[in-house]
Amino acid sequence: MRIATFNLETLDLSAAADPPLADRLPVLRPQIERLEADILCLQEVNAQPETNRRHAERHFAALDALLDGTPYADFHRAASETRKRHNPLDVHNLVILSRWPIAETHQYWNDLVPAPRMQCVTAEPPADGPDEVFWDRPLLHVAIDPPGGAPLHVFNMHLRAPLASAIRGQKESAFVWKSVSGWAEGYHLAAVKRTGQALEARIAIDRIFDGDPDAAIVVCGDMNAELREMPLRILCADAEETGNGSLAARSLIPVEARVPEETRYTVRHAGRRLLLDHILASRGLALRLDGVEIHNETLGDEVIGYAAVHHSPESYHAPVVASFRD
């Protein structure tokens with residue numbers, strides 16, 4: 001069984017898509033075909049309206065074009081939705097493709113962790129009181145029925161990037177802040193969103209373990225965090241962190257530790273090699289790990305690429321694929 005994760009970075013078909021989808025398909029399609037995945041978790045998949053009518057139903061035309069002619073075209077599919085459900089988001093959807101039937105689909109978006117209430121102290125004009133802080137994106141969870149085995153629980157997630165959230169009246173433009181204090185509070189707000197969503201995922205995982213201590217669970221996605229950062233520490237829940245050996249069976253194991261350190265990265269940022277995309281497996285599943293690949297041989301530096309490469313068709317995230325014995 002091969003499980004993979006890949007951030008496609010704003011896969012879109014709209015007239016405003018930059019670069020056009022036609023330029024991206026010859027680059028992205030060989031990458032997903034090389035994965036030979038039985039289960040593929042994708043991030044940043046945009047959905048397109050079926051008509052020009054306001055509030056028209058959206059569908060995954062760009063994704064369908066990417067999958068056309070590949071084995072994934074016939075895979076079972078689950079995707080994230082708006083808070084009110086029944087329609088994909090316009091941007092940054094999560095999609096899970098599975099060779100085997102999907103028995104259950106769940107979405108969590110402040111469902112297990114209510115939005116915390118915070119009052120921004122640097123807002124201009126001053127806030128009248130605390131506001132709810134919702135996560136930027138949902139969390140997608142499916143239960144898959146592989147042949148001859150117990151259900152496999154797959155989580156697909158895309159945590160907020162470590163960029164400061166907007167604070168009312170504190171920005172001169174998209175990337176220019178008016179004050180250090182405003183920027184610092186925006187960064188604090190972003191951290192609350194990142195760790196809060198990791199907490200919601202962890203609670204969902206523990207509920208599965210409550211029902212089945214031996215459950216097979218895998219968490220995939222672009223966590224926008226490295227292994228020792230707080231979101232990953234929350235998700236992995238090492239016994240050294242909880243201090244309780246009886247909880248060790250609920251830990252998740254980062255399978256990418258199998259990859260040699262010199263090639264253990266999924267993003268290149270201003271010359272730094274970062275491991276931001278992860279596959280975390282429950283202990284029983286990790287014992288069946290047969291191999292891990294990070295396809296970063298052609299990965300460009302995102303800072304240089306955005307500044308110097310006009311209409312770059314690639315994703316600046318490398319896919320990760322893990323193989324497990326049956």
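Trainee: How many helices and strands does the protein chain have, and what is its radius of gyration?

Mentor: The predicted chain has 7 helices and 20 strands. For 326 residues the globule rule gives 20 Å, and the chain comes close to that value, so it is as compact as a globular protein of that length. Along the principal axes, its C-alpha atoms fill a box of roughly 60 × 50 × 45 Å. The radius of gyration itself is 20 Å.

Trainee: How many disulfides does the structure hold?

Mentor: A disulfide requires two cysteine sulfur atoms within 2.5 Å. The sulfur of C41 has its closest cysteine sulfur in C220, at 4.0 Å, which is too far for a bond. For C236 the closest cysteine sulfur is also in C220, but at 12 Å, again too far for a bond. The number of disulfides in the structure is 0.

Trainee: Are C41 and C236 buried or exposed?

Mentor: A residue counts as buried when its relative accessible area is under 20%. The value for C41 is 0%, and that for C236 is 6%. C41 is therefore buried, and C236 is likewise buried.

Trainee: Which residue has a side chain joined to that of Q43 by a polar contact of 2.9 Å?

Mentor: Q43 is found in strand β2, which covers residues 39-45. Its relative accessible area is 0%, so Q43 is buried. A polar atom of its side chain lies 3.2 Å from the backbone nitrogen of N7. The side-chain partner at 2.9 Å is N156.

Trainee: Which residue caps the N-terminal end of helix α3?

Mentor: Helix α3 comprises residues 180-211, a run of 32 residues. From its first C-alpha to its last it reaches 47 Å, close to the 46 Å expected at 1.5 Å a residue. At its N-terminal end, a side-chain oxygen lies 2.9 Å from the backbone nitrogen of G182, and the residue that supplies this oxygen is S179.

Trainee: What is phi for E36 and for H92?

Mentor: Most residues other than glycine have a negative phi. E36 is found in the loop between α1 and β2 and is exposed, with a relative accessible area of 56%. H92 is in the loop between β5 and β6 and counts as partly exposed, at 22% relative accessibility. Neither residue is a glycine, yet phi is positive in both: about 50° for E36 and near 55° for H92.

Notes: Residues are numbered from 1 along each chain as its sequence is written. This is a predicted model: local features need pLDDT of at least 70, side-chain atom pairs count only at pLDDT 80 or more; totals for chains, interfaces and linings use all residues. Side-chain values use heavy atoms; hydrogens and water are left out. Helices (H or I, at least four residues) and strands (E, at least two) are DSSP runs, numbered from the N terminus. Buried means under 20% relative accessible area, exposed over 50%, partly exposed in between (1.4 Å probe, protein chains only). A polar contact is a pair of N or O atoms within 3.5 Å; within protein, one must be able to donate a hydrogen and the other to accept it, and residues adjacent in sequence count only if both atoms are side-chain atoms. The radius of gyration is taken over C-alpha atoms; the globule rule is 2.2 Å times the number of residues to the power 0.38. The expected span of a helix is 1.5 Å times one less than its number of residues.
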